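Hi everyone, thanks for coming. Please have a look at what I'm putting on the screen, and then we'll walk through it together.

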Amino acid sequence: LTPTGSLDPRLRGELDRSGRTPALLAFVAAVLWLLVGSFFGTVASFKFQFPDWWQAWAPMSMGRIRPVHLNTMIYGWASMAMLGVSLWLVPRLVNARLRWAPFASLGILIWNVGLVIGILLIFAGRNDGLEWLELDRVFSDPFLVIGGGMVGIAIIRTLLTRVVKHLYVSVWYIAGAFVWFPILFLTGNYPGFAGIESAAANWFYAHNALGFWLTSISLAAVYYFIPKILGRPIYSYQLSLLGFWSFAFFYSLNGMHHLIGGPMPTWMVSTSIVASVMMVIPVTAVAINHHMSVIGRFGALRYSPTLRFIVLGAIAYTAVSLQGIFTALREVSRVTHFTHWTIGHSHVGVYSFVTFVLFGSMYYILPRLLNREWPSARLIGWHFWLTFGGIFAYVVGLSIGGVYQGLALLDPAQTFEASVRAVAPWLTVRSFSGLVLSAGHLVFAWHIVLIYRSRGKEAGMLAWQEPRPIIVEAPEGVR
Amino acid sequence: MLAASGVLILLSILVGIVGFGFLVWGLLNGQFDELEAQAMVPLDEEDLRLLRPWETPSQCEQRVRDHGTLLQARDSDWGGRL
């Protein structure tokens with residue numbers, strides 16, 4: 001530690017290096033899955049305009065490529081990138097080298113082997129038939145459990161050997177995610193559920209995977225990078241803890257609101273609606289805290305790619321959470337349930353929030369892992385505007401189309417065909433938005449290839465550990 | 001009805017107990033003491049001394065008063081360049 005109690009930059013470099021291999025492995029896998037998932041998502045979307053396209057070839061039929069898109073994005077792109085962020089962030093926050101790094105690397109490889117097997121089986125027509133749980137529970141899921149468990153053990157082991165007493169709020173979120181997710185994944189895949197139980201357990205898993213896995217680690221990144229870039233602590237640390245603990249206690253019951261109108265016990269759905277409304281507490285706590293931390297410094301978004309992606313991601317978190325709370329109400333759900341509104345809503349969560357936060361995190365972390373600067377400001381700009389524009393059009397289109405579709409479905413004077421016609425133009429908007437998003441992903445992947453191939457310092461002192469020139473002297477009498 | 005919902009009740013309790021366990025552990029281990037200091041954990045001394053081009057002159061002056069001389073930032077400090 002330096003005399004002021006801050007960590008010596010050289011030691012910081014050591015900590016970064018300790019998780020370099022598994023984190024890089026996870027990020028490379030994440031980007032590959034992002035490209036695969038984008039391709040199949042876009043193809044699936046265009047099938048709404050051209051239903052017969054590739055339909056004769058079973059592996060490319062809608063019923064197979066749609067779950068391929070979902071599973072590659074959740075367990076490939078998002079999960080891999082989140083593992084990379086966690087493996088890099090935890091050593092930094094607990095001032096301890098990553099323990100059992102080779103073990104974590106092996107875990108990442110095993111996870112990916114399981115995912116490849118699961119995706120190939122979905123193409124072959126074999127999946128578990130439950131949303132978010134399509135990967136085969138015999139031939140694929142065990143790899144994910146073992147691989148994820150190995151990464152989790154490395155992270156928990158690092159936490160146990162930490163040299164700081166207190167756990168920063170980001171560490172709470174990451175530690176929680178690595179304890180909650182195995183419970184959720186194992187119970188979600190338990191084969192003994194039937195009928196109503198199966199539907200309940202399915203949505204218990206799917207909604208909590210979004211919350212206790214994707215949201216947890218993404219919020220951990222937000223709480224780290226906003227102070228880091230702005231050079232000032234989070235507005236209220238107390239509020240951040242309130243946000244975490246209320247999230248931990250209210251979130252788990254939310255999933256049943258997906259089954260409003262289904263043959264479920266009324267008390268179960270009502271409890272879920274109440275729990276969903278209670279999410280106002282953590283969401284408001286997080287939203288106020290993030291906003292107040294950035295206020296007065298929004299100009300930073302013109303300079304920092306990391307902050308630009310992360311702040312927009314944080315805004316999307318507030319938006320998707322409030323949208324989710326309203327959608328959980330019976331009167332709103334009556335219109336939006338079984339419509340494309342839900343797809344738009346889920347993309348605000350998984351893309352505008354989680355994916356944007358992960359993009360922002362990778363922009364900060366990758367130069368440190370590779371010891372090189374990003375080669376092109378223009379490519380970062382293209383990546384941002386393509387993904388921002390794409391997801392904006394995507395969400396607006398599906399939200400408007402979904403409401404028209406829902407209203408048409410509720411109108412007994414209209415045929416089912418009328419509901420399809422009502423949403424059709426908005427599905428075209430969605431397909432072209434998908435193309436724009438995919439173009440953004442290609443730019444991002446190409447930029448990663450460029451940074452990897454660019455010349456940098458491979459050994460010795462990292463660039464950001466070298467002494468920096470002093471450019472503003474302190475006035476007399478100040479420090 | 002209750003029997004059919006049993007699995008969900010048990011799962012929710014299980015997840016809740018994990019959170020509750022964390023909370024008790026945190027309370028017993030003083031994790032909620034010295035919150036002001038905890039908020040500074042992500043920030044190194046150098047982070048506080050970087051010249052941030054978006055800061056107003058008064059914000060910049062405040063940073064000099066609080067943390068001393070300011071240092072030149074690199075692109076990677078902001079996650080790249082725009």
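Let's begin with a question: is A:Thr72 buried or exposed? A:Thr72 counts as buried, because its relative accessibility is 0%. Here buried means under 20% relative accessible area, exposed means over 50%, and partly exposed is in between, with a 1.4 Å probe and protein chains only.

Before we go further, a word on the ground rules. This is a predicted model, where local features need pLDDT of at least 70 and side-chain atom pairs count only at pLDDT 80 or more, while totals for chains, interfaces and linings use all residues. Residues are numbered from 1 along each chain as its sequence is written, chains are lettered from A and ligands numbered from 1 in the order in which they are written, and side-chain values use heavy atoms, with hydrogens and water left out.

Back to A:Thr72, which sits in helix α3 of chain A, residues 62–94. Helices are DSSP runs of H or I with at least four residues, strands are runs of E with at least two, and both are numbered from the N terminus. Not counting residues up to four places away in sequence, A:Thr72 touches A:Trp33, A:Val36, A:Gly37, A:Trp77 and A:Ile119. Touching, or contact, means heavy atoms within 4.5 Å.

One of those partners, A:Trp77, takes us to the core. The largest nonpolar core has 162 residues, and A:Tyr75, A:Trp77 and A:Tyr205 touch the most other members. By nonpolar core I mean a set of buried Ala, Val, Leu, Ile, Met, Phe, Trp, Tyr and Cys residues joined through side-chain atoms within 4.5 Å. Which helix gives the most to this core? That is α7 of chain A, with 21 residues. As for A:Tyr205, if we leave aside neighbours within four places in sequence, its contacts are A:Tyr75, A:Trp132, A:Leu133, A:Phe181, A:Leu184, A:Phe185 and A:Gly188.

Now, how do the two chains meet? The contact takes 79 residues from chain A and 66 residues from chain B. Together they bury about 6400 Å², 64% of it on carbon and sulfur atoms. Buried area is the accessible area, with a 1.4 Å probe, that two parts lose on being put together, summed over both.

How many salt bridges cross the interface of chain A and chain B? There are four. A salt bridge is a side-chain nitrogen of Lys or Arg within 4 Å of a carboxyl oxygen of Asp or Glu. In one salt bridge, the side chains of A:Lys228 and B:Asp44 meet at 3.5 Å, N to O. Helix α7 of chain A, residues 195–230, supplies the largest share of the side of chain A that touches chain B, namely nine residues. That side of chain A divides into 50 nonpolar, 14 polar and 15 charged residues. In this count Ala, Val, Leu, Ile, Met, Phe, Trp, Tyr, Cys and Pro are nonpolar, Asp, Glu, Lys and Arg are charged, and the others, Gly among them, are polar.

B:Asp77 also forms a salt bridge with A:Arg368, where the closest N and O atoms are 3.7 Å apart. This pair crosses between chains, from the segment after β1 (70–71) of chain B to helix α13 (residues 341–370) of chain A. B:Asp77 counts as buried at 5% relative accessibility, and A:Arg368 is buried with a relative accessible area of 5%.

Over all chains, a search of the whole structure finds 16 salt bridges. Among them is A:Glu131 with A:Arg66, with the closest N and O atoms 3.2 Å apart. A:Glu131 lies in the loop between α4 (101–123) and α5 (141–160) of chain A and A:Arg66 in helix α3 of chain A, so this pair ties together parts that are 65 residues apart in sequence. A:Glu131 is partly exposed at 28%, and A:Arg66 is partly exposed at 30%.

One last stop is A:Ala314, in helix α11 of chain A, residues 305–327. A:Ala314 counts as buried, because its relative accessibility is 7%. A:Ala314 and A:Leu219 are 95 residues apart in sequence and 8.0 Å apart in space, C-alpha to C-alpha. Not counting residues up to four places away in sequence, A:Ala314 touches A:Val222 and A:His290.
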